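Tutor: Let's look at a structure together.

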Amino acid sequence: MKIGFDAKRAYHNYTGLGNYSRDLIQNLLTYYPDFEYHLYAPKIGNNPRFKFVEQYDNVYPHFPESPLHKTFKGIWRSVDLEKFLVKDGIDIFHGLSNEIPRRKKKSNVKHLVTIHDLIFKRFPNTYKKIDRNVYNTKFKYAAQNADKVIAISQQTKQDIIDFYKVDSSKIEVIYQTCHQNFKEQYSNDFKLKVKRKFNLPDNYILNVGTIETRKNLNAILQAVPTMKNDLPIVVVGRKTKYMNFLKVQMDKLKVDSKRFIFLENVAIHELPSIYQMASVFVYPSVFEGFGIPIIEALYSKVPVITTAGGCFPEAGGEHSLYLDTNNFELLGNTIDDLLMNTNQQVLMKEKGYEYVQRFNPRALTEQLVNLYQNL
C-alpha cells in the first residue's frame, strides 16, 4: 500500500499538530514497515524531531518543484496536489491536520482526514475573523469530501456532526497517544539534573499548556487564596498576551509572584521528568479536542484534576477528578484535599496508569491500518 501524508506540520510544527503527525508516522514505520510512506510538504524543514524518517528506505519526501509551486506553495498544497498523488500512485492520502487538497473527479485516490477539534466554532471570539473563515472553509471541505474522517475524541466526532452535518457512520474515533518519552521512567540522577536546571522546588503543583485564555490558568490563580497548602505552581508553556491579564489578576489578589514558576522552551526529553516529580497535575482548560497533557500526566503516574464534561473524561478515565474549575473555592479545596490524602493519591496513580494503557501506540496504529485497508 502507498500512503501519502500532508506532512507540513510534521516538518514545521513543534507542538500539538506536529507531535500528532510525527508520532503517527513513526508508529506506522515501526509496526507496519512494508508499506510505502510518501510525505508531501510545501518545503523541507530542519526539525530534529522528524529526522528519524531519514533512516527508512520506504519513506519518500515530496516538495514543490516548479517555479510556480515554489512561489505559491498554498496552490501546490491545497489545489494542485491531487495530480501529484495520482502520478505517484498513492492509494490513500491522509490529511493529518484538518484538511485535504481539492479532489479531482477522475482520481482513484482515497482521502482520509483527521479533525482534531472545532474550537474555533465553539469559541469564535478567541480567533481572528479571517482565521475563523479560513479554518471553516478548509475543515468543512475536508469533513464533507473525505472518504473517511478520523475524530480524535467522541467530543470532536459530535462537533463534526453538529457543525458540518456529516453522517456519523463516516466518522471513526481513533485516539491519540503521547510521545514515547512520557512512557519512560527516568532515573533519579536525571531528574535531579532537570530539577537543578529549572530550579524546581521539592514539591509542586503542575500545569502544562500554552498560556492562553482557553487553557484557563486564571482558575488556578483565583483558587490560590482559598488554598491551605502553599505549594508552588509550575507552569510549562508558551506565553501569549493572556499573560498580561494574569499579572493584573495576581496583583489584585495579592498573590506572591514567587508562587508561580513559569517555564518555556522545555525540551521533550526534560518535560517527562517535570511531570514525574509533580505532586498533582491540574488542567482547568475550558475546552479541548482531546487533552494530551492529561495522557502525559497519567503515564507519568501523577494524579489529575481537570474540568468536568467535554472530552476530559475520555482522556482521564474514571479515577481522575472532574469539577467546575471556574468554581475557584471548589478547585482550591479539591487540590488541598488530594494533597492531604496519600491513599487517594496512590489509588489515582495506579488506576490512572492502568487506564492510560488503552492509548498504547500499537493498538491505535492497528486501528488506523484497519481503516486504511477497509478504504
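Tutor: Helices (H or I, at least four residues) and strands (E, at least two) are DSSP runs, numbered from the N terminus. This is a predicted model, in which local features need pLDDT of at least 70 and side-chain atom pairs count only at pLDDT 80 or more, while totals for chains, interfaces and linings use all residues. Residues are numbered from 1 along each chain as its sequence is written, and side-chain values use heavy atoms, leaving out hydrogens and water.

Student: What makes S8 and S9 a pair?

Tutor: Four bridges join strand S8 (residues 205–208) to strand S9 (residues 233–236), in the parallel sense. At least two bridges are needed, so these strands count as paired. Within that pair, Val-208 stands opposite Val-236 in S9.

Student: Which sheet does that belong to, and in what order do its strands come?

Tutor: It is an open sheet of six strands, ordered S10-S9-S8-S11-S12-S13 with parallel pairing. Strand S10 (260–263) and strand S13 (321–323) are its edge strands, each pairing on one side only. On average, neighbouring strands here are turned by 20 degrees against each other, direction ignored. Elsewhere in this sheet, S11 and S12 run parallel and are joined by three bridges, with Phe-281 having Val-304 in S12 as its bridge partner.

Student: How do you know that both faces of S8 are covered?

Tutor: In a regular strand, side chains alternate between the two faces of the sheet. In S8, Ile-205 and Asn-207 on one side and Leu-206 and Val-208 on the other are all buried.

Student: And why is Ser-279 called buried?

Tutor: The cut-offs for relative accessible area are: buried under 20%, exposed over 50%, partly exposed in between (1.4 Å probe, protein chains only). Ser-279 has 15% relative accessibility, so Ser-279 counts as buried. Ser-279 sits in the loop between helix H12 (271–276) and strand S11 (280–283). Beyond its neighbours within four places in sequence, the residues in contact with Ser-279 (contact means heavy atoms within 4.5 Å) include Asn-203, Tyr-204, Leu-231 and Leu-339.

Student: What about Ser-21: how do you know that it is buried?

Tutor: The relative accessible area of Ser-21 is 0%, so Ser-21 is buried. Ser-21 lies in helix H2 (residues 16–31) and touches Arg-9, Ala-10 and Leu-96, not counting residues up to four places away in sequence. Ser-21 and Ser-97 are 76 residues apart in sequence, yet 7.9 Å apart in space, C-alpha to C-alpha.

Student: What makes Lys-165 exposed?

Tutor: Its relative accessible area is 67%, and over 50% is called exposed, so Lys-165 gets that label. Lys-165 is in the loop between H8 and S7. Most residues other than glycine have a negative phi. For Lys-165, though, phi is near 55 degrees, a positive value. Asn-199 also has a phi near 55 degrees, and at 63% relative accessibility Asn-199 counts as exposed.

Student: Which residues make the contact?

Tutor: H13 contributes Ile-295, Leu-298 and Tyr-299, and H16 contributes Gly-352, Tyr-353, Tyr-355 and Val-356. By class, that contact of H13 with H16 has six nonpolar, one polar and no charged residues. For the classes, Ala, Val, Leu, Ile, Met, Phe, Trp, Tyr, Cys and Pro count as nonpolar, Asp, Glu, Lys and Arg as charged, and the others, Gly among them, as polar.

Student: What makes you say that H13 is mostly covered?

Tutor: Eight of its eight residues are buried. Their cover includes S8, H12, S11, strand S12 (304–307), helix H14 (312–316) and H16. Just after H13, Lys-301 takes a positive phi of about 60 degrees.

Methods: Axes fitted to C-alpha atoms, helices over the stretch in contact; angles between N-to-C directions.
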